[in-house]
Amino acid sequence: SAAEIMSGKPIARDINLRVAAEISRMKAAIGRLPGLAVVLVGYREDSHAYVHMKLKACNEVGIETSFVQLPQDCTQDRLIDVVSSFNSNPSVHGIIVQLPLPQHLDEETIINFVSPEKDVDGFHPLNMGNLALRGREPLFIPCTPKACIELLLRYRVEIIGKNAVVIGRSKIAGLSTSFLLQRHHATVSTLHSFTNNPEQITRRADIVVSDVGIPNIVGCDWLMPGAVVVDMGTNSVKDPNSPRGFRTTGDVCYEEAIKVVSAITPVPGGVGPVVISMLLCNTLDSAKRAYG
Ligand code: GUN
């Protein structure tokens, strides 16, 4: 039987409508709107594109945005000053520093300066630590893992007791998704660049989540028939037939995978739009906490 295509677009649309409605009620009740600060360092084209999508989505639902763009050669102290001023600004409820940062900046140090109460990316060690520990509640869960679970739940994929394999261990996606799948009672294996024979492990998985950054690395020989696949890859590949000479593709060989899996997220249009929705949700939640 044909694979179900788990589009993120209708889910994102639904969530964003609910967020917008709640924000207009907040505005009517207390005269305030949620605020998100976005900091972007340098000139990476992909980062600019993501930030543009985040700001646009905020605009559409009524979240106020502050956008600070810093040059590639920005000093660590300058960046920390910008973050600190957002920390102390009461109309800012969420702060994101778009990653990756230029080589000379220390990501962990910068993330440590983001107030855990405004850490809508969920990357602060306090929030990541509480996500990893059973029985603790982080203030924010990172947007990509939240989007993954949202997709699985909305498409009625059972998670409890299933064998889940996450390929990749970045805090943005892979590692935090392993933590969140465990919180949802999956049995989780986290694979990475030192894993021997990864395909032998993925072939036993009910749920395969890919956060690798290499196009087509996951082929149909990596997948159990009937598996559910969440493709978090956003890889830019040359394509002379695309308007800009490039197109975005996932980690999974989609054309192969759809022949064997029971469900799969497309790229683009799968996880991506829901990730943005989760950022809106985290920002709204933060404003709700700030205003009681
Ligand atoms: N780079 C890729 N994904 C993300 C994300 O969710 N947040 C931030 N800050 N940077 C990213």
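Arginine 156 is located in the loop that joins α6 to β5 (163-167); helices (H or I, at least four residues) and strands (E, at least two) are DSSP runs, numbered from the N terminus. The phi angle of arginine 156 is near 60 degrees, a positive value in a residue other than glycine. Most residues other than glycine have a negative phi, and most peptide bonds are trans. The structure is a predicted model, in which local features need pLDDT of at least 70 and side-chain atom pairs count only at pLDDT 80 or more, while totals for chains, interfaces and linings use all residues. Residues are numbered from 1 along each chain as its sequence is written.

Two cis peptide bonds were also identified in loops. The bond from leucine 99 to proline 100 is cis, with omega near 0 degrees, and proline 100 sits in the loop between β4 and α4 (107-113). The bond from valine 267 to proline 268 is cis as well, with omega near -5 degrees; proline 268 belongs to the loop between β11 (263-264) and α10.

The chain is assigned domain 1 (31-115) and domain 2 (143-272), with bounds that come from an automatic or database domain assignment. The centres of domain 1 and domain 2, taken over C-alpha atoms, are separated by 27 Å.

An unreviewed UniProt entry annotates residues 6-121 as "domain: Tetrahydrofolate dehydrogenase/cyclohydrolase catalytic". UniProt positions are given in the numbering used here, feature names are shortened, and annotations may be inferred rather than shown by experiment. Residues 6-121 are 50% helix and 16% strand, with the end C-alpha atoms 24 Å apart. For residues 142-290, the unreviewed UniProt entry lists "domain: Tetrahydrofolate dehydrogenase/cyclohydrolase NAD(P)-binding". Here the chain is 34% helix and 19% strand, and 19 Å lie between the end C-alpha atoms.

Helix packing was examined for two pairs. Axes are lines fitted to C-alpha atoms, for helices over the stretch in contact, and angles run from 0 to 180 degrees between N-to-C directions. α6 and helix α7 (residues 174-183) pack at about 45 degrees, with their axes 8 Å apart. α6 is therefore oblique to α7; angles under 35 degrees count as roughly parallel, over 145 as roughly antiparallel, 65 to 115 as roughly perpendicular and the rest as oblique. The crossing of α6 and α7 is right-handed, that is, the near helix is turned clockwise from the far one by less than a right angle (left-handed if anticlockwise). The axes of helix α2 (residues 45-61) and helix α10 (residues 271-290) come within 10 Å and cross at roughly 55 degrees, so α2 and α10 are oblique to each other. α2 and α10 also cross in a right-handed sense.
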